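Student: I'd like to go through this one slowly, and I'll keep asking what lies behind each label. Can you put it up for us?

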Amino acid sequence: MRWEALFADLESGLDAARAQDLRDEVAELTRAERAQVHLADRLRAARATTLRLVLRDGQTVDGVVVDAAPQWVLLAPDGVRRALVPTAAVTAVVGLGAWAAPTAGEVERRLALGHALRAVARDRTLVRVDAQGVSVSGRIDRVGADHVDVTPADAARGAAGWTFAFETLLVVRSG
């Protein structure tokens, strides 16, 4: 009888050790998986969620996530206007859930900031471009590989416009 109790106790200890090993392994795999998640993946998973983005210059942009790609996120501050924010301009996010979208596929990775800006230029939408130290209202005329040209709304015909390097952009707001 004592032997049976001893073996039962040993088996119970082994079961507990196996269960703890499994919990430790799951925790380690979870940490390793989380280490592979990018902020853009979490923003892409937040479609239809209301967020507050804090930008490099300290300004905030609030709105519902309409769309997102690895290089940008599009928010709707209200039902009409839009705010295109390069993910590189984001320093903090309030309201972001813990979930993440799967790694972007090849097509989605190609939807770079330039593609989004070209769509705005094609629509001839009046925008306000906030870049580091500068804010200009006007229309996007040309979008290059790493820069965008904006003609101020109040500029005289043929007047010089502004050229912004992508890395300086903070937010492009419509209307």
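Tutor: Reading from the N terminus, the elements of the protein chain go α-α-β-β-β-β-β-α-α-β-β-β-β-β. That comes to four helices and ten strands. This is a predicted model, where local features need pLDDT of at least 70, side-chain atom pairs count only at pLDDT 80 or more, and totals for chains, interfaces and linings use all residues. Residues are numbered from 1 along each chain as its sequence is written, and side-chain values use heavy atoms, with hydrogens and water left out.

Student: What makes something a helix or a strand here?

Tutor: Both are DSSP runs, numbered from the N terminus: a helix is H or I with at least four residues, a strand is E with at least two. Helix H1, for instance, covers residues 2-34 and holds Trp3, while strand E10 covers residues 169-174 and holds Arg173.

Student: Why is Trp3 called exposed?

Tutor: The cut-offs are under 20% relative accessible area for buried, over 50% for exposed, and partly exposed in between (1.4 Å probe, protein chains only). Trp3 has 63%, so exposed is the label. Of the 175 residues in the protein chain, 33% count as buried.

Student: Now Arg173. Is this arginine buried or exposed?

Tutor: Buried: its relative accessible area is 17%, so Arg173 falls on that side of the cut-off.

Student: What does the Arg173 side chain make polar contacts with?

Tutor: One partner is the side chain of Gln59, at 3.2 Å. Another is the side chain of Asp130, at 2.9 Å. A polar contact is a pair of N or O atoms within 3.5 Å; within protein, one must be able to donate a hydrogen and the other to accept it, and residues adjacent in sequence count only if both atoms are side-chain atoms.

Student: Why do Arg173 and Asp130 also count as a salt bridge?

Tutor: The rule asks for a side-chain nitrogen of Lys or Arg within 4 Å of a carboxyl oxygen of Asp or Glu. Arg173 and Asp130 meet at 2.9 Å, N to O. Arg173 sits in strand E10 and Asp130 in strand E6 (residues 126-131), so the bridge ties together parts 43 residues apart in sequence.

Student: What makes this part of a network?

Tutor: Asp130 also meets Arg128 in a salt bridge, at 2.8 Å, N to O. That gives linked bridges among Arg128, Asp130 and Arg173. Asp130 is buried at 5% relative accessibility, whereas Arg128 is partly exposed at 34%.

Student: How many salt bridges turn up in the whole structure?

Tutor: The search finds eight. One of them joins Asp67 and Arg47, at 2.9 Å, N to O. Asp67 is in strand E2 (residues 60-69) and Arg47 in the loop between helix H2 (39-44) and strand E1 (50-55), 20 residues apart. Both ends are partly exposed: Asp67 at 29% and Arg47 at 37%.

Student: How many aromatic pairs are there?

Tutor: One. The ring centres of Trp162 and Phe164 are 6.0 Å apart with planes at 10°, so the pair is stacked. Rings of Phe, Tyr and Trp (its six-membered ring) pair if their centres lie within 6.5 Å; planes under 30 degrees apart are stacked, over 60 edge-to-face, the rest tilted. Trp162 is partly exposed at 40%, but Phe164 is buried at 4%.

Student: Last one: what does Leu113 touch?

Tutor: Contact means heavy atoms within 4.5 Å. Leaving out residues up to four places away in sequence, Leu113 touches Gln71, Trp72, Leu84, Pro86, Phe166 and Leu169. Leu113 and Phe166 are 53 residues apart in sequence, yet 8.0 Å apart C-alpha to C-alpha. Leu113 belongs to helix H4 (residues 113-123) and counts as buried, at 5%.
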